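Welcome, and please open the structure in your viewer. We will go from stop to stop, selecting a few residues each time.

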Amino acid sequence: MPNECEYETTEEHVAGLLGRALNSFELPDELVDSLDSALAHTTSLHSSLHVSGGPGRPGLSRETYRHTYLLLDGATVTLWELVHQRGNELYADEESARLAAARLDASTGLGHLGYLGCLGELDGVDGLEPLSDLAPVEPSGATRMYVPDDSADHARRLLRRAENPDRPGEPVARLLRGALAHQITRALGGHGRTDRRDGGVILYEHAFLLLDGTELSLWEVEHTATPDGSHMCEVYASQDAARRAMERLAHVS
């Protein structure tokens, strides 16, 4: 757990949390300002992953903590802290923390472990190999395990963060307003070369269960084939379109 004094005040806790986060400048100003009126706080371990890399393979140790604050007006604010070997990162919502954890896994060649949404540890895992170009990392035809967790809002946020001009439009967004549940599956992962640095390309399937019992999938391509190496999200309505984009990005030279 992040270092805390037994008698640490909420004000000290907020200052320490923001001070140690590598990306605290990315948090919305209004969220940070609201923490000035925090009266009390609680911290809990949300998820944990510990993997021994073995000879010639990198290991990975990361934890995600949930920090909840009670404000002067009675409202609550939650921050999600990702702690790993390289430092601490802070996010305003669970989805962003989950994606950051998945990117961390992929950067160490352990991306095919997927995201662990429950508390647990894995030690001494054998047979872990770096991802090969466009290597499948989830078995095809797996049984859906839908989660009813604000799925319509998840779809809205997914489409909102998509940066490709040919992302799904309003007809798809309208259908997804009736999403009852969803499942996120890591479909493909790979590495390519950009003109400056190594780049990673990962494909996720976001499958949604709709009100009428039908299913609809969006395909998210996460990559670093950008001029400054930053992460970019693209979303497509079909797997074929996403795979074509992924193949193009993975072989940028």
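**Before you start.** This is a predicted model, in which local features need pLDDT of at least 70 and side-chain atom pairs count only at pLDDT 80 or more, while totals for chains, interfaces and linings use all residues. Residues are numbered from 1 along each chain as its sequence is written, and side-chain values use heavy atoms, with hydrogens and water left out.

**Stop 1: confidence.** Colour by pLDDT, the predictor's confidence in each residue, from 0 to 100. The protein averages 75, and 71% of the residues score at least 70. Now select 110–142, where pLDDT is below 50. Residues 190–199 also stay under 50. Where pLDDT is low, the predicted coordinates should not be read in detail.

**Stop 2: the cores.** Select Leu 159, Leu 176, Phe 208, Leu 210, Leu 216, Leu 218 and Val 235, which have the most contacts inside the largest nonpolar core, a set of 14 residues. Such a core consists of buried Ala, Val, Leu, Ile, Met, Phe, Trp, Tyr and Cys residues joined through side-chain atoms within 4.5 Å. Buried means under 20% relative accessible area, exposed over 50%, and partly exposed in between (1.4 Å probe, protein chains only). Helix 4 (151–161) and strand 8 (215–223) are among the elements that each supply at least two residues of this core; helices (H or I, at least four residues) and strands (E, at least two) are DSSP runs, numbered from the N terminus. A second, separate core of 13 residues includes Leu 18, Ala 21, Leu 71 and Leu 79.

**Stop 3: strands.** Move to strand 4 (residues 87–91): 5 of its 5 residues are buried, so the rest of the structure largely encloses it. Gly 87, Glu 89 and Tyr 91 point one way, while Asn 88 and Leu 90 point the other. Strand 3 (residues 76–84) runs antiparallel to strand 4, joined by 5 bridges; strands pair if DSSP finds at least two bridges between them. Look for His 84 opposite Gly 87.

**Stop 4: charged pairs.** The whole structure holds 7 salt bridges, each a side-chain nitrogen of Lys or Arg within 4 Å of a carboxyl oxygen of Asp or Glu. Select Arg 98 and Glu 95, whose closest N and O atoms are 2.9 Å apart. Arg 98 is buried at 9% relative accessible area, and Glu 95 is buried at 11%. Finally, find Glu 170 and Arg 177, which meet at 2.5 Å; Glu 170 is partly exposed at 36%, whereas Arg 177 is exposed at 53%.

Key
Contact means heavy atoms within 4.5 Å.
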